[in-house]
Structure formats: structure tokens, C-alpha cells
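Me: I have a structure open and would like to talk through parts of it with you. Could we start with the strands and then move on to the core?

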Amino acid sequence: MLASDRPIALYLSCPAGVEELLLEEARRILGPAPFIQASRGGIEVQPAPSLRTTAERQAALIDSAMRLNLESRLAQRVLWRVATRVYRHEDDIYALGRTVNWSDWITPEQTLRVDVTSRRSHLRSLNFAGLRTKDAVCDDLRERTGERPSVDTRHPDLGLVLYLDDMDAILYVDTSGEALFKRGWREDTGEAPLKETLAAAMLAAAGWQGRPEDGALLDPCCGAGTIPIEAAQIACDIAPGLQRRFAFERLLPFRPHQGAWQQLKQAARARQRAPQVAIYAGDVAFRMTDFATRNAERAGVSHAIEFKTADALQRPVPCEKGVLMFNPPYGERIDTKGSVRDAYGQRAAQHGDRYAIDSDEPDDRARPGVRVARENFQEDEAAATFFQRLSSHWKKNYTGWTAWILSPDMKLPGAMRLKESRRVVMFNGPIECRLFRFDLVAGSNKPRSTSSDRPADPTASDQG
């Protein structure tokens with residue numbers, strides 16, 4: 001489809017490999033009416049085909065944008081596509097910006113910011129492309145109102161994202177503001193916190209929804225508590241966006257819909273419930289368990305999680321069956337006494353604090369660029385010893401449980417002397433990882449049939 005022929009739509013960005021999971025989530029949130037399809041690094045939401053007029057389609061997109069910002073656990077941002085065109089030089093970018101009536105979006109007293117993300121663009125300067133977009137907005141408002149808005153690079157009222165590939169220029173309005181992984185409850189983090197959206201993707205890939213048939217959940221190395229807190233909010237049916245504000249609340253098209261927005265939030269509060277399954281978490285470090293406990297209190301789920309400071313290599317099984325969800329840590333969170341701490345500390349020094357990426361760069365505001373090659377870590381004997389001891393402990397004490405482990409190390413199953421029954425491609429920031437599933441059998445590492453690397457969508461082709 002030519003850029004100029006693309007209708008207005010919402011684009012929800014997500015890490016590579018999560019597209020199909022996000023597609024399923026969006027359909028649960030919005031129902032069957034909108035047209036939703038997966039694309040590279042996200043999904044696109046268009047109003048129902050039965051809606052004919054521009055006003056009807058815009059009202060439908062406004063409703064969808066509010067619901068998705070409030071309810072989506074997997075999306076990074078909800079972007080509103082406002083203009084598209086084929087471009088050759090910077091003048092085309094300015095012309096693209098002038099196709100929109102910006103007085104419909106903000107007043108001259110409000111502020112804006114333009115971020116540019118690119119894949120194979122032939123323009124010499126992306127900064128200049130962003131400047132031309134800003135000029136287009138300011139010139140349009142000055143011609144219509146006699147005044148122009150100011151630029152605010154930190155907390156703009158109108159955030160714009162210009163996406164460029166080799167031919168097409170696409171301009172988005174960011175309805176989210178801060179990235180959606182910022183739920184509003186995290187204050188205590190420790191080192192290298194896992195993004196909430198990635199924790200939610202791990203739970204979604206495992207099919208864990210907090211139902212009685214899903215079983216209990218245990219994170220034996222919970223760090224700041226991201227995985228168990230996400231799990232507890234799912235189990236209690238707490239909307240992830242209830243504790244934060246969104247950019248759309250300051251945009252003119254949404255102002256007539258403030259009553260509907262308040263009703264959506266009130267309905268989300270009213271549906272919260274007590275959890276139907278047990279959730280256990282803890283860490284070998286008292287400091288991290290304390291961090292996680294305080295975060296759970298701010299997230300409103302401290303009642304739904306049983307925290308316990310304990311060594312993952314010695315923690316007794318809390319119940320008969322369940323799911324282990326594990327993001328292997330570095331440093332003191334593994335072993336407060338021995339050589340494993342030193343080995344992982346050296347690895348962290350070489351590759352950054354673990355492999356979690358907690359940045360919010362402009363590139364995560366639109367379609368992803370070139371995929372980053374998978375991270376290769378050096379093998380070290382101390383780490384292998386830890387994972388061997390962990391698998392032995394699990395096989396002796398966690399028979400019948402299912403373990404899911406996220407790691408950038410493709411040799412993890414060998415280090416654990418276990419055969420994975422599934423592996424899912426996921427990205428932790430720019431680092432390509434695998435979410436490995438292990439079905440724990442007592443005292444055995446008997447090989448099981450396994451699939452080749454595959455993304456979160458079981459029907460999709462491998463991206464690894």
C-alpha cells in the first residue's frame with residue numbers, strides 16, 4: 001500500500017517476537033469490532049469497516065487509544081498515525097507536517113517535541129528532519145491563530161514521532177507520553193530492573209493468566225519484584241495504567257471524552273478481585289526482598305504475594321505444583337558468599353549491569369530499526385556450577401513444576417543439564433534472548449522433544 005493511501009490508525013509498538021501476543025491482548029481489550037493486524041515490531045488498529053464517516057472513525061480511535069493505554073501490558077506505546085507520504089528530501093518532510101490541522105490537537109500555549117526514528121533513510125540528518133517537522137507544526141498554528149507553540153523536550157503536551165524508511169515518511173502522535181512499562185508504582189529498583197512489559201510478555205508466552213488451572217507462581221530471584229508484581233496484578237485483574245497519567249489527557253481531540261475516560265478507570269477499579277492462585281517471591285538479598293515488598297505495596301498487590309528472603313538453591317517447594325518464572329541475576333543476588341558472585345560481577349562489568357535495558361530512547365517510540373545481533377557471553381565455570389546446582393535442586397524438590405527462564409545465553413539448557421521443551425525468542429532491550437521452558441522431572445535430565453527457536457507466536461517463522 002502506498003504511504004499516501006494509508007488510513008488513520010493506531011500503531012502499538014512492542015519488542016520483536018511479542019507481536020502475536022500483543023495482537024491477542026488487543027483483541028481481548030477492544031473486542032471483535034476493530035480491524036487489528038500484526039506488523040514488524042508492533043500491531044496496527046483500524047476502526048471497524050462499518051464506520052463510514054470521519055467523525056465516527058475518529059471517535060472509535062479515541063476510545064481504542066484510551067482503552068489500550070489503560071489496559072495493555074505488552075505495548076511500549078500507543079501511537080496515532082496522522083500523516084504519511086513518500087519522500088525524497090527534507091522539503092517533503094515539511095510538506096508532510098503541513099497536511100495536518102494542528103489546531104485540532106493543541107493550542108499555541110501548549111508545547112511539543114519531535115522524535116525521529118529511521119530504518120534505511122537516505123536523509124543526511126535526522127535531526128534536520130525533526131526540525132522541519134517542528135517548523136511545519138509551528139507554521140500551521142501561527143497561520144491559524146497568530147501564535148506558535150514552544151518546544152519542551154522533557155514533558156511536552158504533544159509528542160510527535162517521525163518514522164522514516166527508504167521511501168515512506170510516517171508521522172505519529174504519541175498518546176502515551178512516558179513509555180507504558182512505567183506503570184507508576186516502581187520506586188525501588190536495585191540494579192538493572194526488568195521492564196514491566198517484558199515481565200508481562202514472559203507471563204503471556206507461558207500462558208499464565210492467574211487462573212486456578214494455571215497454578216501457583218514462584219520467582220525465586222525476584223530482584224525488584226517486577227515478575228511477581230505483574231503476575232499479581234494480572235491475578236487481581238488490576239489495569240496496568242491505573243496509577244499513571246497519559247499524554248492524550250492533554251490533547252484537544254480527547255477533551256470531549258473525559259467523562260468516558262473517567263468511566264473506563266472507574267470500571268477498571270470496580271472489577272478488581274482477590275487472587276485465585278498463590279504467588280511466591282523472594283531473593284537471596286534482604287535488600288532486594290525489601291525493595292520488592294515496597295514496590296508491591298505501591299502497586300496494590302502486597303496482599304497477593306508471599307515474599308521470603310531465601311537462597312534459590314535451597315528454597316523449599318511452597319506447594320505441590322506450579323510455575324517457576326526466573327530471570328537469572330548477576331552478582332550478589334545469586335550467591336552472597338562464593339565465587340559465582342565474582343564471576344557474574346565480572347560479566348556485569350563487561351556487558352553492563354546484567355542484560356536488562358531500562359532506557360526510554362526515541363527509537364522505542366515507533367517501529368524498530370535493524371535488529372541487534374544476539375549477545376554472546378563467555379562461558380565461565382562458576383556460572384555453570386550455579387545452574388547445575390539449581391537444576392538439581394529443582395529436579396529433587398520441584399517435580400511436576402514447569403520452569404521458564406529468560407536468558408541471552410543460548411547454551412543455558414546445556415549448563416543446566418536439562419532439555420528444554422520450548423524456547424521463545426524475546427528481546428530484552430536490544431539483546432536477543434530466549435525464554436526457555438523446562439518440564440521438571442525428578443532426578444532425570446532425560447531428553448525431550450524440542451522445537452527450534454521460535455518467536456512468541458507458535459505459528460510464526462523463527463527470527464533467531
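**Strands and cores**

Reply: Gladly, and please keep in mind that this is a predicted model. Strand 5 pairs with strand 7 (residues 158–164) in the parallel sense, over seven bridges, and within that pairing Leu112 stands opposite Leu158 in strand 7.

Me: And how does strand 5 pair with strand 6?

Reply: Strand 5 and strand 6 (residues 150–151) also run in the parallel sense, with two bridges between them, and here Leu112 stands opposite Val151.

Me: Is strand 5 mostly covered or mostly open?

Reply: Strand 5, which spans residues 111–118, is mostly covered, since seven of its eight residues are buried.

Me: OK, switching to the core: which residues have the most contacts inside the largest one?

Reply: Those are Trp102 and Met426, in a nonpolar core of 96 residues, to which helix 5 (residues 196–205) gives the most, with seven residues. Apart from that core lies another of 22 residues, including Cys221, Ala312, Phe387 and Met416.

Me: Last one: is Ile36 buried or exposed?

Reply: Ile36, which sits in strand 2 (residues 35–39), counts as buried because its relative accessible area is 7%, under the 20% cut-off. Its contacts beyond four places in sequence include Leu30, Ile43 and Leu23, and Leu23 is 13 residues away in sequence but 7.1 Å away in space, C-alpha to C-alpha.

Definitions and conventions. Residues numbered from 1 in each chain as written. Predicted model: local features only at pLDDT ≥ 70, side-chain atom pairs only at ≥ 80, totals over all residues. Heavy atoms only, no water. Buried < 20%, exposed > 50% of the residue type's maximum accessible area, 1.4 Å probe, protein only. Helix = DSSP H or I, 4+ residues; strand = E, 2+ residues; numbered from the N terminus. Pairing = 2+ DSSP bridges. Core = buried A, V, L, I, M, F, W, Y, C linked by side-chain atoms within 4.5 Å. Contact = heavy atoms within 4.5 Å.
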